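Hi everyone, thanks for coming. Have a look at the slide while I get going, and I'll walk you through a few spots.

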Amino acid sequence: MRYGLYLGCNMPAIRPDVERAMRLALPILGIELVDLEGYACCPAFGTFPSADEIASLAISSWNLSIAEEKGVDVVVQCGSCYSSLRMARAKLLKDEEKRERVNELLGIAGKKFEGKPCTRHLIDVLYNEVGTEKISQVIKKNLKGLKAVVQYPCHTRFPSEVLGFDNPGRPRMLKEIVEALGAEVQHYSRELQCCGGSGGFARQAYQDAVKFTKKKYDAMKNETQPDMIVVNCITCLMYMDKIQKDLSKEGEEFSIPVFDYAQILALCMGFDPKEVASISVIPRDKIIEKITGAMS
Amino acid sequence: MIDLTKANHHLWKEIMEEDAGDIRRCFNCGTCVSGCPAAEAETPLMIRRLVRMVLLGLEEKLLEDGTPWMCVTCTACEEMCPMGVKPFEVGLAIRRWQTRKDETYIPLSTTEVFQTGHTQPVEKVGELRRSLGLPEIPPTIAKFTELLKKFQAMLRETEIVKNNDYMFKE
Amino acid sequence: MKSTSNETGSVLVVGGGIAGIQASLDLAESGYKVYLVEKSPAIGGTMPQLDKTFPTNDCSMCILSPKLVECGRHLNIEVITNAEVLDIKGQPGNFVVSVKKRARYVDETLCTGCGICQEKCPSKTGSEFNRGLSQRKAIYIPYAQAVPNVPAIDREICIYFEKGKCRVCEKLCESKAIDFTQTDQLLEIEAGSVILCPGFQEFDTSIFTHYGHRVFPNVVTSIEFERMLSPSGPLQGHLIRPSDQKVPERIAWIQCVGSRDIHLAKNAYCSSVCCTYAIKEAVVAKEHCLTPLETTIFLIDLRTFGKGFERYYERAKKDHGVRFVRARVTTLYQESDGDLTLRYFDEDRIKEERFSMVVLSVGLRQPEETKALAGRLGLKLNDYGFCETGDFSTVAASKPGIFTAGAFSGPKDIPETVMEASAAASEASSLISASRHSLTTEKQYPPEREVTGEQPRIGVFVCHCGINIGGVLNVPSLKEYARSLPDVVFADETLFACSQDNQQRIKEVIREHRLNRLLVAACTPRTHEPLFRETLREAGLNRYIFEMANIREHCSWVHMNEPEKATEKARDLIRMAVAKAMLIEPLSQMSLEVNHTALVVGGGISGMAGALQLAKQGFEVHLIERTSELGGIARRHHHTLEGKDVQAYLNKLIAEVSREPLIHIHRETEIQGVSGHIGNFKTALRDQSKGEVKEIEHGITILATGGDVYKPNEYLYGEDPRVFTVLDLNDEIAKGNPSVVGSKNLVMIQCVGSREPERLYCSRVCCGGSIKTALKLKEINPEMNIYILYRDIRTYGFKEPYYQEARDKGVTFIRYDIEDKPFVEAVKEGDKDVLKVSLKDPILGEPVFIDADIIGLAAAIVPASGRDSLAQFFKVPLNEDGFFLEAHIKLRPVEFPTEGVFVCGLAHYPKTIEESIVQAQAASAKAATILSRESIELEGNISQVVDENCDGCAYCVDPCPYKAIILLEYMREGAVKKTVEVNEAACKGCGCCQATCPKKGIFVRGFKLEQIGAQVDAALGVT
Ligand code: SF4
Ligand code: SF4
């Protein structure tokens, strides 16, 4: 299994511990990671896709062409990178005229888009290519005794025709790979509610976005007793972590540790928490201690 | 009172460009809004209303409307729309049209991506990265100045950069 | 009329739902042998699964049951269950159909239906009938009133077939009916024509993962909900929700699940029935809950377009408090207590609301196996997987001699299905009419036992009607009570008195106890009396020694919240009925010869189609048209929505009708008077042009008097020449009027005169009509801006894709509320005169206006003038809107309480041309069941003169609404004696005469004064 590792912009800049976790943990599962040297922003929906479609497609295919040169499919953790790259490819494969225009542009940079490489989300690769059994086998420590809730990235669910791999209305793959690490995954009513962190909503109307997300956290708190929230999307990770401070301003205290899946995976494999899980707003030390202390 | 007769009846084509095919299918069911996170804002993003404005040709109103920029890009609306309208894409198309009509709409992040290849300063967190055992600069376009040049050269040929070149600095 | 001909005088009907049953009965009644092939072990189809039916809230099973039983015991209907059609060979008129009949492993002739086998069978699976909400066994009778009431073994789960051991059923069956040696059989059946009514399936919810059906226990489909409501269902009608068996407090319906969804569901059509069934379910659910229940229906457009549906909707809203929310819901959160939080967009903001349960209004589709059947038979399917039908004949499949009825050709409700069934029967029989009666046998009854003079021996059956009665009344105590009454020698309770096995039981009890009176305390004689009377005849008794006490409509339904008092009332009713039963006597019936000629009133499409159908079957027809031209309102239609050429069809039809020697056309002719009755009418026709009156004799009458267009007095109609009705607009378009086809901005306003308090019905055709006009205009002038202002777009069925096409072509649709109608004024805009139309656009939430050049008003369809006198002439009722009111809105959609008179087309209710034709064919099928007979029997309970008492005062003559009484004088003992005489054929037994006679000189048989008096005494406790 060889995949081009597409990190996006946020992860290497703001949460590089997740990058480290991926780079360390995935090879142990037999995933060989190839760097996509020279990749740029996916581009994020708020950038070129909101200004110039052809430019936006050109940038996506710039990224995909790198994978194409390397002869690999792409694996990505960030939900919107996944969505952006995947939707761009689908559009270009469907629309010959756009493809030509994009290739003209790419030609300026000496690149070409043929659309061979496929972009896969990490959950998809872990569940469908690696499998939960393998995950359970290789880990040295586990999450037994820990309760988790999971956050499915919206961008991996919709539009299901273009990018779905799980059941869009009732996804379960993230849950199962978390369970493969030994945690108990608890379901709550608003599990599928969007975190609210992506795009302009939280930027332009933060207070309203907080209210929106509070409903999710209230439900989580009332219906489950999670030791942690497991996500697999950089926006979910940063937002669901950061927002708890602002939620707490309204009275009730929220401090549920948020982990990326790659981080708990790396921890279960015995990697150093200082490298793979060192950046967060809500302190995660207690959970990390529990994991690193636990023997498989 | 809005004068529908004097509206721009071709606005939908102007906005949707080549992808205009399906927007007219909309039958106003509201499914798109019903699953939209940003519809809960005080000044809500009502994607159905935006689709409506496009279809009715309410150019001026639409040009003033900032709500398309509230979209969280979850694409739930696109998934659920029974008519295959792709409201999410309509939202993006409106943004593009707005930027074409009025350059103040151009997101600054666009110029950042042009300038650095990224929305985040991936090359400026060397210390942190090193402390985690990672190379100081990730193997992205930030690391390869030559590539960034080519990248910019490519984007120079796009409409948005061509028309607003003063905003896009290297 | 027996004849010898080469065509086979039998019809094979595929599918034993209401369509198949109705078609079979119509055919068998008009002289054809019928093979009814059903794939499951019992006939009945979907109707037995439903609780109540809209818009009358009749119990579905209750109205179906008599037909089921009739079908099951009809001598000329051979019901072949557990069977499927493999292939059809041969030509129309002489088909050979190969049918595979799967082994039932139960001998139908030996089984008594005792049910011990299914009680003891150890192997279980989810019951298909109850949609998995309960279990059934490997040997099972699909439902309580199944016909045949014989179990079948499901080979898939039978332990014996799997492991070679068990055979418990065989050991326990006392009748030795279990037969494991049975094998599948291949039957070759000869039939002159074939009717396919395989029905439908509801959408598979698994593609809509977000609704959580089968994941969230309290999310159910509408059909599951029907089973939950149904008295015969697993909950016995006590509505509780699946997750915790609590009584729900708030239920939400989500409409259009799978319908009108070209994205996830990939279905462009509307399923037509879901809006009205959701309303029904909401209303009925409230009735089923003893605690207050809030109901909310989430919808896109509300489509109550059928007869009586709009009123039903208004009642649901106003009287029952059903809430309607125009929003489509896709986000459901299941709370920890099982409630579901729905997130929706309510015009201008997001709302979240909690419900105890959610019902998904799933639409109708064609299952793969039916498509495969169509494939085997080489029939074409349309784009949506339904059977393709002929241009204007929606019951003709794509191969000659093969017809279709019901949902096979498109989603439709029960009345339309029933109409199509009759229409298909009519078509199927006209093909082989020369062989009528060639394969049928006449039913032989045992000789009637003389009971007059015997001491009354009354047998009483008290019916539970599932829980319809038993859930409220104390039935066992009623049985005991009945037993204690004088002359009652037998009393028992029964789950369903009308089921087929109970008819057997009644006959046995009659024999065993030598009963000479039968009393059934159950439901209404209106629907069920004929059934029990037939059973009496089969038992060798006169059919009139029968009494019914209606303890359902009069007790358990109206007093459902007061069970004790209701039981008390039921006791009174039973006591009264017994008191009367003691005095009832056998009655004899007169038989009348039938005149084989038909009269069809109205020369529009319906009238002509009906006349032609009858002529094809060999009957003579008089076709009356009051204008000088045939064609009716269809003359003003150019194309249908689907693009079919109306004028071409009309001309063809007129030519055919004119050519047909059996049809006598009377133009410019009106009816002046009618006398007579079923079998022998005499009608005076007045030729307006010549001023002549002539009388014709006929056996039946079809009223096809058509409809008219409402003349609007709103929106400047009649004041401003630029305001047209849409129908006028079509004429202008056809003429090429440049100010119309060249206009820049054109507005059409829907529901003008419809869905208003004074005309509380939907005219059904206008949405499709305006869209048709818009598409035509767009074709001529693609740049024209067309706005359609509507309240709900009601493009039901396969009309929905045209609504989509109109949007695709840029037609703008703006919804308005009845409280806030568009405002139209003629103004000067600059130097231009325009019609300024202003209204609020609900999507923008802001007022908008259009400077229109032309306005088209979608004016209501109203019944044609002259209907009042016709209603009087033929003694048939009109509804509050002036349309003819049929005998039963569900199951007798073309008949009247007055026998021998039928209705079709716009005279019945607004409908499309195709629908009118179907109804006309249905009316002619019903007419043929009478015209094909040599004689008919009249009712026995009609009036009788007591000459000694009558002094000839003639008080009774005028009140008789049927003009059945005449005054006469004769010589008696040398003096003139005045008296009255009753025309028995005209008398309906209404009793007006008896009520007016001061001298006891006339009475109605079966309702004699002393009989009624005995009831009154019993009611008052005077003995
Ligand atoms: S979901 Fe689709 S059809 Fe419905 S209002 Fe939104 S865009 Fe229109
Ligand atoms: S994609 Fe945008 S507009 Fe559509 S539902 Fe998500 S946030 Fe709303």
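**Where chain B meets chain A**

Between chain B and chain A there are 3 salt bridges, a salt bridge being a side-chain nitrogen of Lys or Arg within 4 Å of a carboxyl oxygen of Asp or Glu. One of the pairs in a salt bridge is B:Glu89 with A:Lys91, at 3.1 Å from N to O.

Quick housekeeping: this is a predicted model, where local features need pLDDT of at least 70, side-chain atom pairs count only at pLDDT 80 or more, and totals for chains, interfaces and linings use all residues. Residues are numbered from 1 along each chain as its sequence is written, chains are lettered from A and ligands numbered from 1 in the order in which they are written, and side-chain values use heavy atoms, with hydrogens and water left out.

Back to the interface. How many residues of chain B are in contact with chain A? It's 60, and they touch 63 residues of chain A; contact means heavy atoms within 4.5 Å. The buried area is about 5,000 Å², with 65% from carbon and sulfur atoms. That's the accessible area (1.4 Å probe) that two parts lose on being put together, summed over both.

Now ligand 2. Its surroundings, meaning residues with a heavy atom within 4 Å, include B:Cys36, B:Cys71, B:Cys74 and B:Cys77. The shell has 7 nonpolar, 2 polar and no charged residues. Here Ala, Val, Leu, Ile, Met, Phe, Trp, Tyr, Cys and Pro count as nonpolar, Asp, Glu, Lys and Arg as charged, and the others, Gly among them, as polar.
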